[in-house]
Amino acid sequence: VYKRQPFELEGQAYGGLVGSIGDLVSLGSLLLRGGGEVIGEGSVRAMSQRVASGPRGSFGLGFWIYDDGWVGHGGEAGGYRAELRLHPDRGVGFAVLTNSGVGSIDRVCAELTERA
């Protein structure tokens with residue numbers, strides 16, 4: 001029997017999703033296929049359109065937009081971090097979960113984008 005354990009959220013108020021790496025991969029696959037009826041056709045394209053820019057880069061409706069064609073979204077709480085990155089033009093993506101700080105997931109994402 002699974003028993004939930006309490007944990008403390010860090011940072012400002014925010015929403016979040018809880019799931020496994022398989023769930024995150026499934027979400028990425030669904031977005032790359034266009035979203036269909038579940039999310040809405042063309043959702044990844046709409047979310048990838050630049051709507052604003054700031055000191056850390058550009059972002060769309062839900063995704064950070066990187067200069068190399070990748071888009072992504074991540075989050076962290078309680079010392080854990082998740083990241084989903086997609087390359088809509090190439091139809092590829094990856095998901096990463098870590099239990100360490102921002103620097104390590106950034107290094108993993110940089111290496112995976114080079115290999116993909």
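Two residues are in contact here when heavy atoms of theirs lie within 4.5 Å. With that in hand, take the contacts in this predicted model with a separation of 6 or more: residues 24 or more positions apart account for 29% of them. The protein has 116 residues, and 27% of them are buried.

Let's walk along the chain. There are four helices and six strands, and from the N terminus on they run α-α-α-β-β-β-β-β-β-α. The six strands make an open sheet, ordered E1-E2-E3-E4-E5-E6, with antiparallel pairing. At its edges sit strand E1 (52-54) and strand E6 (92-98), each of which pairs on one side only. Helix H1 (residues 21-32) packs on this sheet, where it touches strand E5 (80-87) and E6. The direction of H1 makes about 25 degrees with that of E5.

Strand E3 (residues 64-65) and strand E4 (residues 71-77) run antiparallel and are joined by two bridges. Isoleucine 65 stands opposite valine 71 of E4, and valine 71 in turn stands opposite leucine 86 in E5. Between E4 and E5, also antiparallel, there are seven bridges. These two strands form a hairpin with two residues between them, and glycine 78 in that hairpin takes a positive phi near 60 degrees. Next along, E5 and E6 pair in the antiparallel sense over seven bridges. Their hairpin has four residues between the strands, and here glycine 91 takes a positive phi near 70 degrees.

Is glutamate 83 buried or exposed? Its relative accessibility is 3%, so glutamate 83 counts as buried, the cut-off for that being under 20%. Across in E6, the bridge partner of glutamate 83 is valine 96. The glutamate 83 side chain also makes a polar contact, at 3.0 Å, with the side chain of arginine 85. Which residues does glutamate 83 touch once neighbours within four places in sequence are left aside? They are Leu24, Tyr66, Gly72, His73, Gly74, Phe94, Ala95, Val96, Ile105 and Cys109.

Back on helix H1, have a look at leucine 27. Leucine 27 has a relative accessible area of 28%, so this residue counts as partly exposed. Leucine 27 and leucine 84 are 57 residues apart along the chain, yet 8.9 Å separates their C-alpha atoms.

Which of the elements gives the largest share of the lining? That is E4, with four residues.

Technical notes. Residues numbered from 1 in each chain as written. Predicted model: local features only at pLDDT ≥ 70, side-chain atom pairs only at ≥ 80, totals over all residues. Heavy atoms only, no water. Pairing = 2+ DSSP bridges. Axes fitted to C-alpha atoms, helices over the stretch in contact; angles between N-to-C directions. Buried < 20%, exposed > 50% of the residue type's maximum accessible area, 1.4 Å probe, protein only. Polar contact = N/O pair within 3.5 Å; in protein donor to acceptor, adjacent residues only side chain to side chain.
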